Amino acid sequence: MHLDATSTSSLFVSGGLGALFAACHSHEYSPAEIFRLTILPLILRRLLTAIPTLLGIIILSFLLMRFAPGGPFDGERPLAPETRAALEAAYGLNKGLGTQIWLYLSRLAQGDFGPSLIYRDFTVTELIAQSLPISLLIGGLALLLASVLGISAGLFAAARAGMWQDQALMLTATLLTALPTFVTGPLLALIFGLWLGWLPVSGQGGGGAWLLLPVIALALPVAGAVAKLARAGLAEILGQDHIRAARARGVAPLTILRRHALRPALVPVASYLGPAAAGLLTGAVVIETVFGLPGLGRYFVQGALNRDYPLVLGVVTLYAALIILFNLIADLIYGWLDPRMRDV
Amino acid sequence: MTPLYQASHLCIDIGGKRIADNISFAIAPGEIVALAGASGAGKSMSAMTPFGLTHAIASGSAMLAGQQLIGMAEKDLRSIRAAQLGFIFQQPLTALTPHRTVAAHLTEAACQAGGARPSHKDMAAMLANVGLSRPEERLAQYPHRLSGGERQRVLIAAALAHGPSLLIADEPVSALDAALRRDVMAMLTGLCRDRGMAMLLVSHDLAGIEQYADRLLLLQDGRLIESGAAAVIVQKPRSDYGKALMAATPRLDEALPPLLAPGAILLEARNISVHFPKAGWRGGWRGENLQAVDNVSLTLAKGETLALVGGSGSGKSTLGRAIAGLGPMQAGTVIWQGKPLPPRARRTAEHRRLIQPVFQDPLASLDPRWSVAQTIAEPLRWLLPAAERGTMGGALVTKLLEEVDLPAEFATRKPAALSGGQAQRVAIARALAADPQMLLLDEATSALDPLVAGGVTALLGRLQKERGLSVLFITHDLALARRVAHRIAVMENGHIVETAPRDTIFSAPQAEATRRLIAASH
């Protein structure tokens, strides 16, 4: 399909997401009916399978942690045997493994993640409550930025398939996906923080400026991947029969793109973004370390290194629950993008 | 009458290659003109390119209602398409946008020429007009819920929604089965007559053209070979090409070609049943099954061809696959020369050698990365002892290529360098490599155009004579079955409703399904 310059650039400006929402109209069924017939059964089925999945993940991580060498009370100087015994008794580590798992699970069922063994003044719930909002904020903004940037760039490239704009964008996208965040993060900090002095490079200052660099560094590789998926998706859809049929009806190129091509083209993007979102939102260790932010990712790594069993289990449980949740959301989005998937 | 559409000295080029040369024709309002010819003759390109729907470049003149289309800007061409033209494409399954409901398609179509948004009632009337049952219900449905025939009717309703003066129909029914073809064509021609709408019909179905078109243009390699009244050309073509094309097209009223008398019973299928679990988690949950083949028996003699005919979904392919051991079979036995063949999982290479299949889509059934020689030699690897293979392999490939009338140079080609007919000949050579006693031909010629299909059918007849092959010939084309088969078995809903020799089944059809099929084939 050939698109003229004005239509592609206005598409680019309007942004993939804007057009995406404009394309939404399911006026034939009432929203309540759609929910009852397709969404509710899917959610119920997922919840049913989510519980055993979560249980399995918790038990497996619990056992893996315990079989790893070392323990939470091993330090430079060995503790006196009676101190160690007293500590283990206090945290219930002297009971049988089965009992411990049972106790952990029954506390978890009441919403209690247990005490942290390393940060002894805090419970795991408190640690997560402190750090999760930062991770959610950075991850959420990065997710949004990556989607808008990636989808717009991908659609623009597909509309200019084979031309220099397409090639330049796809080369950039490949570079972005290939560069790890521990390269782009410090590089951005170096350029915009140290050399140009425009943005803070560490910590949380006043206002929102401190967010910019970590969010951009986190979003870039995801944006690259999304751009490639969106471009491939749209290029494939534009060659399909239903697009030719719409052209035969005399539909304008931009309308064809928005009304007939966009939703099916975004299916691969949705399938990638589901699991990627869970990863972004639960804390990026590298970014949090590079920019000195007290997010969840750092606690997770600290906890794992120090054998802080409840902290690691808490984060793993949260992460697994989020993955399950985002896969469910991705499936709901599939169903919206392509009604054929609602029938499975 | 002044013509509505007039193409004069129309030429079509793709990448510097001329694919249609100096074609002139005119269509008056209310007239139906057919473009026919073998595939690659340039019919679709000649029909679509002047309207800006292909990548090709048109030159010459194409006037629609006094406006020159050649050289017109895409923007203006688009508004002409929207206002005056309706298009129907070959593939009903993919021509509707999957995430848009039938109502959304009809609304877009009705508004394309600037018309008012149609009400629910208007749209239901449009669907009723093209013979779709329960139109109210269809409006809220998505395309994937509809069958191929239903989707084609929705596409036709959409093509007509804005009241076009010219309908361009590119093989509008070739993806549908025989009974549906007749219904849809009758409906289209009826609509043309009623509305005074003109139609440019692209088709290779000569029997259909004779019946429905006023005039026929016969194209060969991009040139207009013959044109005139459709019935006259189909009955008495003047050009050699026309004669060859008509001769290759099986007709129910042609003289029965002779066949060799069959020998003793080779294969007997007893009480075959095949079922599949119903799709979707609900069906699977309740353990519901779809009965594809229900307690069917048949026999096949040495050197005999038995045609299995029926509409799509009647179970003919499933039955063929079950007998050949290529698909599942829940009940029944296959007896080969008096001895039962073991179930599919326990058939040895020797058992499998006996029955070899040839499928409908020749290119899809060849590995694109294998050369023709590798493809043909593959069965030898499993079915012949290593010693014989080493010494005979190359010579055997050459001999098999010769047997299917392909030159020996083809051995090094890849499937991408083969035409559809050549690829099907390679697939036949591969089947013969195993030295089978029976062939399972599943719509083996229906993806090919009439001339090529005629050649492949003749080849299969010759091979049957030379090798004494038995053939289970699955087809939806009754006239073709009549031409090649000793006996014809009619399937419907998983049952064989009638089996009879080819000369009696047409003169005295017993089952209702047979009568319907015969009526649909005329």
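**From value to term**

Guide: Just after helix H8 of chain A, Gly197(A) takes a positive phi of about 70 degrees. The model is predicted, so local features need pLDDT of at least 70 and side-chain atom pairs pLDDT 80 or more, while totals for chains, interfaces and linings use all residues, and side-chain values rest on heavy atoms, without hydrogens or water. Residues are numbered from 1 along each chain as its sequence is written, and chains are lettered from A and ligands numbered from 1 in the order of writing.

Visitor: Which residues other than glycine have a positive phi, such as Asn22(B)?

Guide: Asn22(B) has a positive phi of about 55 degrees although it is not a glycine, and Asn22(B) is found in strand S2 (residues 17-27) of chain B. Gln337(B), also not a glycine, has a positive phi of about 50 degrees. Gln337(B) is found in the loop between strands S14 (331-336) and S15 (339-340) of chain B.

Visitor: What makes a stretch of chain a helix or a strand?

Guide: Both are DSSP runs numbered from the N terminus: a helix is a run of H or I with at least four residues, and a strand is a run of E with at least two. On that basis chain A comes to 15 helices and zero strands.

Visitor: Why is Ala173(A) called buried?

Guide: Buried means under 20% relative accessible area, exposed means over 50%, and partly exposed lies in between (1.4 Å probe, protein chains only). Ala173(A) has 3% relative accessibility, and therefore counts as buried. Ala173(A) belongs to helix H7 (residues 164-178) of chain A. In chain A, which has 344 residues, buried residues make up 45%.

Visitor: Why are Asn22(B) and Pro268(A) called partly exposed?

Guide: Asn22(B) has a relative accessible area of 43%, and Pro268(A), in helix H12 (residues 267-281) of chain A, has 29%. Each value falls between 20% and 50%, so the term applies.

Visitor: What does Ala173(A) touch, leaving out residues up to four places away in sequence?

Guide: Contact means heavy atoms within 4.5 Å. With those neighbours left out, Ala173(A) touches Gly224(A), Ala227(A) and Lys228(A).

Visitor: At what angle do the axes of H7(A) and H9(A) cross?

Guide: Axes are lines fitted to C-alpha atoms, for helices over the stretch in contact, and angles run from 0 to 180 degrees between N-to-C directions. Angles under 35 degrees count as roughly parallel, over 145 as roughly antiparallel, 65 to 115 as roughly perpendicular, and the rest as oblique. The axes of H7(A) and H9(A) cross at roughly 135 degrees and come within 7 Å. That angle makes H7(A) oblique to H9(A).

Visitor: Why are H8(A) and H9(A) also called oblique?

Guide: Their axes cross at roughly 140 degrees and come within 9 Å. H8(A) and H9(A) are therefore oblique to each other.

Visitor: Which residues of H8(A) and H9(A) meet, and how are they classed?

Guide: Thr181(A), Thr184(A), Gly185(A), Leu188(A), Ala189(A) and Phe192(A) of H8(A) meet Leu213(A), Ile216(A), Ala217(A) and Pro221(A) of H9(A). By class there are seven nonpolar, three polar and no charged residues. Here Ala, Val, Leu, Ile, Met, Phe, Trp, Tyr, Cys and Pro count as nonpolar, Asp, Glu, Lys and Arg as charged, and the others, Gly among them, as polar.
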